[in-house]
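Have the model open as you read.

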Amino acid sequence: MNRIPDVIVALDFPDPETAWELVERLPAGTWYKVGLELFTRAGPPVVERLVSEGRNVFLDLKLHDIPNTVAGAVKSASRLGARLLTVHAAGGESMLRAAAHAAAEYADGDSAGDRTDRLRLLAITVLTSLDDAALSAVIGPGASVEETVGRLAGLARESGIDGAVSSVNECRAIKLACGDEFLVVTPGIRLAGQGTQDQMRVATPATARAAGADYLVVGRTITQSADPAEALERVRAALLD
Ligand code: C5P
C-alpha cells in the first residue's frame, strides 16, 4: 500500500485575519497552501509567520518568467522558508533548470541547509481549466491535454524539478512516467458523499492515496467546515479507508 499522503490545507482567503483564525484552530505541523489571492494581499509576512510557528508552507505562485527572474524568486521563496513552490513547466527547460539550480544552491549554501527541509519545486503542466480546444487556441491546432500533461511533466523531471501538481486521474501516469520519487500533489479532493462544488472532477482521499499522491490539497472541505479540526481529522481518517 502506498504511503499516507500529507494533507495541505488551502488558505484561499482574501485577508490574513480570516486565514489566521483558521490556522489557529488546526493542529501544529499542518501544511498550508498560500496562493495568489492571499499572497498578493498579505505578502511574505503571512509565510514568515506560518513558518516561525512551525507550520509547513506550500507557496502556490505558479512562476513563469525568464530564467534569471524565476531563479531570483525561487531564492526569495527559499529565504522565506517555504517548503513547496509551483513553477509553470511551459516556461521551458532553461527556466526550469534555473529554478531547480536556485533551490538546490540555496539549500547547499545555507548553514542550516538540511536537505530534507529544502524548498522543493512542483511543475504546473496544463491548468485544469483548459480543455483540448482551449489548449489548442494557446499552443496550436490539435493539442491534447493528456499528451501535453505527460510531455510537460517529463520535461520538468528531466530539468530537475521535484514533482508536479495534477488531478488524481493523471497521478498514476505521472508516477509511471517520471518515477516514484517524483512528487505528485493532487487537489480536487472530496469526502465520499460530499458535493463537487465547482470542481469538474473530484476524488476521495483514499483514491488519491491509491493513485500514489504524496500530498492532497484540501480547501473548502476543511476551511468552510463549522469544525475545521474535525474536518481535517475526517480527511486524514479517510486516507485509511
Ligand atoms: O476548495 P477546494 O478543495 O476545491 O480547493 C482546492 C484548492 O486546490 C484551491 O486552492 C484550488 O485553487 C487548488 N487547485 C485546484 N485545481 C487545480 C489546481 C489547484 O482546485 N487544478
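The ligand sits in the largest pocket. A pocket here is an open set of points on a 1 Å grid over the protein atoms alone, with protein on both sides within 12 Å along at least five of seven lines; a molecule sits in one if more than half of its atoms lie within 2 Å of its grid points. This is a predicted model, where local features need pLDDT of at least 70, side-chain atom pairs count only at pLDDT 80 or more, and totals for chains, interfaces and linings use all residues. Residues are numbered from 1 along each chain as its sequence is written, and side-chain values use heavy atoms, with hydrogens and water left out.

**Ligand shell**
- Around the ligand you'll find A10, D12, K33, T128, P187, R190, Q199, V217, V218, G219 and R220 (a heavy atom within 4 Å).
- By class, that shell splits into four nonpolar, three polar and four charged residues, with Gly counted as polar.

**Polar contacts** (N or O pairs within 3.5 Å)
- R220 puts a polar side-chain atom 2.6 Å from a ligand oxygen.
- For Q199 the distance to a ligand oxygen is 2.7 Å, and for R190 it's 2.9 Å.
- Taken alone, the ligand exposes 460 Å², and the protein buries 78% of that (Shrake-Rupley, 1.4 Å probe).

**Cysteines**
- The disulfide count is zero (the cut-off is two cysteine sulfurs within 2.5 Å).
- The C171 sulfur is 11 Å from its closest cysteine sulfur, in C178, so the gap is too far for a bond.
- C171 is buried at 0% relative accessible area, and C178 is buried at 7% (buried means under 20%, with a 1.4 Å probe and protein chains only).

How values were computed
Polar contact = N/O pair within 3.5 Å; in protein donor to acceptor, adjacent residues only side chain to side chain. 1 Å grid on protein atoms, 1.4 Å probe; cavity = no way out; pocket = protein on both sides within 12 Å on 5 of 7 lines; lining within 4 Å. Buried < 20%, exposed > 50% of the residue type's maximum accessible area, 1.4 Å probe, protein only.
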